[in-house]
Amino acid sequence: MTASGNPRGLTFPCFIDVKIFLSARENNLELVRDVLLQSILPDELESIHQKQSKHGKYHSFSCRIRASGRQQMDQLYRYLSSHPEVLMVI
């Protein structure tokens, strides 16, 4: 545990990178944006970068988020992990 009492050493607000994986579909970028905006404010979404897998079966999205607190991040990960279209979140 750090001196601040935060086990991950984060001082909020801070930037967090979230990676989201989905099966390849045409509207995945809009889906990821909509899903993220269920848990964060529009101005907290700094960027989204999309990449397709080598064989085109999956899309990964690297999302940079300005997080205001631990509770917000926990809520975001729970929401993303439980979404039926999301295969994995890291």
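User: By about how much of the helix are Arg 70 and Asp 74 separated in helix α2?
Analyst: In this predicted model, Arg 70 and Asp 74 both belong to helix α2, where they are 4 residues apart. Their side chains meet in a salt bridge, at 3.1 Å from N to O. Because the two residues are 4 places apart within the helix, the separation is about one helical turn.

User: Is Arg 70 buried, partly exposed or exposed?
Analyst: The relative accessible area of Arg 70 is 34%. Buried requires under 20% and exposed over 50%. The value for Arg 70 therefore places this residue in the class partly exposed.

User: How many residues apart in sequence are the parts tied together by Asp 17 and Arg 64?
Analyst: Asp 17 and Arg 64 form a salt bridge whose closest N and O atoms are 2.9 Å apart. Asp 17 belongs to strand β1 and Arg 64 to strand β3, so the pair ties together parts whose separation in sequence is 47 residues.

User: Which strand holds Arg 66, the partner of Glu 46?
Analyst: The side chains of Glu 46 and Arg 66 meet in a salt bridge of 3.5 Å, N to O. This pair links distant parts of the chain, 20 residues apart, with Glu 46 in strand β2 and Arg 66 in strand β3.

User: Which element gives the most residues to the largest nonpolar core?
Analyst: The largest nonpolar core has 21 residues, and Val 18, Ile 20 and Leu 80 are among those with the most contacts inside it. At least two residues of this core come from each of β1, α1, β2, β3, α2 and β4. The element giving the most, with 5 residues, is β1.

User: Is Ser 60 buried or exposed?
Analyst: Ser 60 is placed in strand β3. Beyond its neighbours within four places in sequence, Ser 60 is in contact with residues including Ile 20, Phe 21 and His 49. Its relative accessibility is 10%, and the cut-off for burial is under 20%. Ser 60 therefore counts as buried.

Note on methods
Residues are numbered from 1 along each chain as its sequence is written. This is a predicted model: local features need pLDDT of at least 70, side-chain atom pairs count only at pLDDT 80 or more; totals for chains, interfaces and linings use all residues. Side-chain values use heavy atoms; hydrogens and water are left out. A nonpolar core is a set of buried Ala, Val, Leu, Ile, Met, Phe, Trp, Tyr and Cys residues joined through side-chain atoms within 4.5 Å. Buried means under 20% relative accessible area, exposed over 50%, partly exposed in between (1.4 Å probe, protein chains only). Contact means heavy atoms within 4.5 Å. A salt bridge is a side-chain nitrogen of Lys or Arg within 4 Å of a carboxyl oxygen of Asp or Glu.
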